[in-house]
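Please read the following account with the coordinates open.

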Amino acid sequence: MEVESISTPVSILDMMQDAGKAVVAGVDAGLKRMAIEIPLPVTGGTELDDWPGGIKQKYSVLKPMLAETLKLLNFTDSEIQQQEFLGISDDAIGVWKNSQGMAVVAFATPEVLPQLQSLSETNTLVLINHQFFLDEFSAEATQSFIDSCTIVYFLQSLSMKGPGLLPVKGYMLRQYPDPFKVARRTDEGGKQVLKTYAEKPARAVLDDLFYKDSEERDKDLGLFERLKRIQKEASNI
């Protein structure tokens with residue numbers, strides 16, 4: 001049986017172009033509310049905190065990255081250079097709007113839900129790295145709004161565990177219209193797909209998936225190699 005693998009972006013530029021292409025595919029499919037979740041390169045971090053400047057620091061990192069995505073979405077240079085915010089500027093909830101009816105919002109929080117709802121009435125809305133951390137106590141309106149946003153691009157590195165706390169590295173990638181693809185990094189450096197999902201899988205689902213895969217894949221791994229991997233993982237903390 002042929003083994004499926006994934007290719008992850010080799011640069012920030014590639015990642016932002018892929019995100020833009022996913023939004024374009026979503027627009028072509030008639031989606032009106034979309035979401036993008038991407039990793040940000042850590043800049044200015046300390047030993048205690050990767051982001052001592054909080055969201056404002058993250059905004060300063062994301063803004064130049066976003067230019068490539070906005071170009072693909074037909075934003076003009078002046079529209080890309082916008083520095084507008086929802087709420088107060090200290091919250092760094094950046095918003096970019098173009099003349100073709102698209103609004104892109106970075107780091108949105110539940111506090112600006114009314115503004116997001118208003119934007120989405122007259123624009124195609126794209127959320128980037130929103131800060132809606134939902135749980136059983138989240139308001140129904142908040143949950144409903146986020147559920148209405150299709151994740152069109154998602155990229156995340158995964159640090160998982162196999163039996164005996166064996167470190168296992170993986171990735172989760174979604175580029176619309178493809179499903180979410182969960183892959184394990186192999187010893188040869190490949191990214192082998194373990195399973196695909198129509199919706200973003202919960203952490204508990206990923207824990208179980210990687211644990212069971214490691215049970216079989218790593219069953220013949222010697223004690224020395226296991227300890228070596230655990231030590232390497234500990235040195236990276």
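Which residues does Lys58 touch, not counting residues up to four places away in sequence? They are Leu40, Trp51 and Phe107, where contact means heavy atoms within 4.5 Å. The model is a predicted one, in which local features need pLDDT of at least 70 and side-chain atom pairs count only at pLDDT 80 or more, while totals for chains, interfaces and linings use all residues. Residues are numbered from 1 along each chain as its sequence is written, and side-chain values use heavy atoms, with hydrogens and water left out.

Lys58 belongs to helix 2; helices (H or I, at least four residues) and strands (E, at least two) are DSSP runs, numbered from the N terminus. Lys58 counts as partly exposed because its relative accessibility is 22%. The scale is relative accessible area with a 1.4 Å probe and protein chains only: buried is under 20%, exposed is over 50%, and partly exposed is in between. From Lys58 to Leu73 there are 15 residues in sequence and 22 Å in space, C-alpha to C-alpha.

Leaving out residues up to four places away in sequence, Phe154 touches Glu37, Met172, Leu173, Arg174, Phe180 and Lys200. Glu84 lies 70 residues from Phe154 along the chain, and their C-alpha atoms are separated by 25 Å. Thr124 sits in strand 5 and, at 10% relative accessibility, is also counted as buried. Beyond its neighbours within four places in sequence, the contacts of Thr124 are Val27, Leu31, Lys32, Met34, Gly101, Met102 and Ala103.

Helix 1 covers residues 12-28, and its 17 residues should span 24 Å at 1.5 Å a residue, which agrees with the 24 Å between its end C-alpha atoms. The expected span is 1.5 Å times one less than the number of residues. Just after helix 1, Gly30 has a positive phi of about 90 degrees. The buried residues of the helix are Met15, Met16, Asp18, Ala19, Gly20, Ala22, Val23 and Gly26. Their cover includes helix 2 (54-72) as well as strand 1 (33-37), strand 4 (102-106), strand 5 (124-128), strand 6 (150-161) and strand 7 (167-175).

Two packed helices are described by the angle between their axes and the distance between the axes. For helix 1 and helix 2, the axes come within 8 Å and cross at roughly 45 degrees. Axes here are lines fitted to C-alpha atoms, for helices over the stretch in contact, with angles from 0 to 180 degrees between N-to-C directions. The two helices are therefore oblique to each other: angles under 35 degrees count as roughly parallel, over 145 as roughly antiparallel, 65 to 115 as roughly perpendicular, and the rest as oblique. On the helix 1 side, Ile12, Leu13, Met15, Met16, Gln17, Ala19, Gly20, Lys21 and Val24 meet Leu62, Met65, Leu66, Glu68, Thr69 and Leu72 of helix 2.

A second pair is helix 4 (residues 113-122) with helix 5 (residues 140-147), whose axes come within 11 Å and cross at roughly 40 degrees. Helix 4 is therefore oblique to helix 5. Leu113, Leu116, Gln117 and Ser120 of helix 4 make the contact with Ala141, Thr142 and Phe145 of helix 5.
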